[in-house]
Amino acid sequence: MNKKITLLAFFIAVYAASVCAQQQSNYLVTIPKDFKIIAAAGGVAPGSTVDKVEIGANGGAVHYEMSAKNRAKGIFTEKERFKVEEAALRHIYRMIKKNDFFGLNNDYKAEDVLDGNFAELTVTMDGRTHSVRTRNIEVKRFDEIMIAINMATPGLKMVVYNEILQ
Amino acid sequence: MKTIKIAVISIALVFSFLMPAKEAKAFTEIFISNDDCTITILLRKEFRVLSRQTLDDWLRQVDEGIANAQAVLNPGWLQRQANRFRSNASIQAEQAQAQADLSYYTAARNKIQNIINTYTPMTDAEAEALAQKWKNEIETKWNAQNYLHDGNCRVRVVMAYVVSKETDPPKRGFDQIKIVPGDFRSHIKGVGSFNADGFSEDPYNHDVTGMWTKDTEDNYTAPHEAGHEMGLNDRYTDIPGDGYVIDAGYEFDLMGGAPHIPNGSLVVESTGTNGLHVNNLKTILDNMSIRCPPGCTPQNPRALIDFVPGPAKTGGILTEKPEEKCTECPPPPKDVSKAAEETAEETKPAEDAAKPAEDIAKKPTETVQYSKDKIEDVATDTAIVTKDTPQGKEIDVSALPTGKGIDFRKWEVKDITLLLDGQKVKPVKKDNFYVDKESYFRGAAATVITAIGIAYSPYVKEAESGEVCHVTGKESESKGKGYEKTPAERAAVAAGIGLLASQAKGTITGKKCSFNLDKNTADKLDGRDDYARVTVMLEDRNITRTINVPLKGK
């Protein structure tokens, strides 16, 4: 009987330790090696511009712009390169996890809004890739991630759109 | 039975509470002027300047990040980790990450707060200038090609506007447009359900809202958005990742918006590269079933009769047509009473009530009177016909109230009664009649007199004679049978005067009441202390006014 109790206590202790160990890591973030973000936002109408930013796992980032002239063909040209600090990258990663980006639909659109803007985000991590596009509509879980991305950019407003500016 | 009655009443009461409250709606309006064969499409906008950039979600995000990082840096957290079989290295790594994150969030917060603090809203003068610029762009673009609808009616697009503070309550009857900085993208909200012509009636039925960026450098964005407010769809398709495609035939069209065409070349009426002829004004008017009145010939539009959409302003804010001045006028009838808004008490007419409105025609058995009365914010045109009958007298009263500015059509006649020596007489018959705005301004006297009966339309001229202003003209002899008309002639007169049998968009509503007086009551009618009392109401603001029009006696 004593042996059984001792064995039970041992297993409980091991279990508790593993639970505690899991709880310890809630704050610590490790960015996946394949982590990549492509975020874009801009006007829907012909003659409007679009901005795009690509951020890699090492924080290397590129800002692209689509001018009004190139809007018809959807052609981007590189504008600048910059580095996203690790803390900013961690914050973006946290927002992606917190808002279950991979659980969002691919497309959200307001049917009664004409012209206006769109926002697009493609995230690759842990072997998965998912894309979401919104047009003239607030999607809280998506907008939270785009805010985090914008905060990481120089000037804080590289890929802004109406729904996150209000 | 009693139970059933109570149940029915209860259900009715419940439904009355569930019924949506009547509310004024902004909508684009289309007016047809028979007089100068012009069709006017009127857009009304209230512009509001974004007073500050809040970025609340951004601040909330960084504040949450700060709190989470601080929790890890808390001494209590460290103590808990020591009890959890963790290595020092992992604990230190976590705290180092939290410290770096805290620095990041704090710096981000400062930057966000700086954006908020340094946001400078437009001044009133700048907003006014921008609104005027947009008005000019819209009216120039939409009117430049001088489209003739049905070959005979000039069409003009007019934009009325006011500029308000962001915190001001919305003005009823105006589409709400926010003026925003260049970070934003212009849009219109509330237009959908397009038909095969790419047209929607939504802007004619309810409020439209939107945002227009102040930093737009082109001169076609505002006219393009105005096209949506007239019911037109975009003529391009945004293709994710690949740009956009303009609908075939709309390459030069304002609603297609091809930037490779120089700004000045995007037009309202065009022929596309595939030969498709696009005419946006025709699309709008055809879909709204607007036709040029028969017999019209193209004319230059007369000066626009405008409305004061709130406090009078210059530049683009339309002003009310001034009353014609009359230098030798009899004194106007006194404003002898005004119904109080706070109390339901009826006011007795003042002792020194003005002379009765002059009668304009007296047959042996008939008197026709016309009066125009103004009390503060409402003008009422009243016509009264009194006829002797074998039984006593028959009196018909028609009244048409109009307010100022956006309340022009919103006043209605609540009640018409007669007061004979203090005794109230109720009507035996009540009818509504309707008149379009242009006809009203062409001749209010014609409207209310003809509403009583076509037979009296010949007396309109006397009512409108240049010798009088708001009172009727001099007496004239009975016309005998001269004013009898055939049904076709009566219909033509009514159409010419703009009287309508049923309510249509953009019409003003009047009321006509008939009174039968027996001999005893008719004997009281002696021109002293005898009035037609017209009560008018602005329903959505629960304002009531009462006008007492003196009745001519024996």
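**Helices on the sheet, chain A**

I looked up helix H2 (residues 86-98) of chain A: it lies across E1, strand E2 (50-56) and E7 of that chain, at about 95° to E7(A). I took contact as heavy atoms within 4.5 Å. Axes are lines fitted to C-alpha atoms, for helices over the stretch in contact, with angles from 0 to 180 degrees between N-to-C directions. Helices (H or I, at least four residues) and strands (E, at least two) are DSSP runs numbered from the N terminus. Helix H3 (residues 140-151) of chain A lies across E1, E2, E7 and strand E8 (128-135), at about 80° to E7(A).

I note that the model is predicted: local features need pLDDT of at least 70, side-chain atom pairs count only at pLDDT 80 or more, and totals for chains, interfaces and linings use all residues. Residues are numbered from 1 along each chain as its sequence is written, chains are lettered from A and ligands numbered from 1 in the order in which they are written, and side-chain values use heavy atoms, with hydrogens and water left out.

**The sheet in chain A**

I read the strand order of an open, seven-stranded sheet as E4-E3-E2-E1-E7-E8-E5, with mixed pairing. Strand E4 (77-83) and strand E5 (107-109) stand at the edges with a single partner strand each, so one side of each has no neighbour in the sheet. Neighbouring strands are turned by 10° against each other on average, direction ignored. Two strands pair if DSSP finds at least two bridges between them. Strand E1 (residues 36-43) and strand E7 (residues 117-125) of chain A run antiparallel and are joined by eight bridges. I found Ala119(A) in E7(A) as the bridge partner of Ala41(A).

**Chain A as a whole**

I listed four helices and eight strands for chain A, in the order α-β-β-β-β-α-β-β-β-β-α-α from the N terminus. Of its 166 residues, 52% count as buried, that is, under 20% relative accessible area, with exposed over 50% and partly exposed in between (1.4 Å probe, protein chains only).

I checked Phe11(A), which is found in helix H1 (residues 2-24) of chain A. Phe11(A) counts as exposed because its relative accessibility is 53%.

**The sheet in chain B**

I then turned to an open sheet of four strands in chain B, ordered E17-E16-E21-E22 with antiparallel pairing. Strand E17 (423-425) and strand E22 (543-550) are at its edges, each with a single partner strand, so one side of each is left without a neighbour in the sheet. The twist averages 30° from one strand to the next. Strand E16 (residues 411-420) of chain B is joined to E17(B) by three bridges, running antiparallel. Leu419(B) stands opposite Lys424(B) in E17(B).
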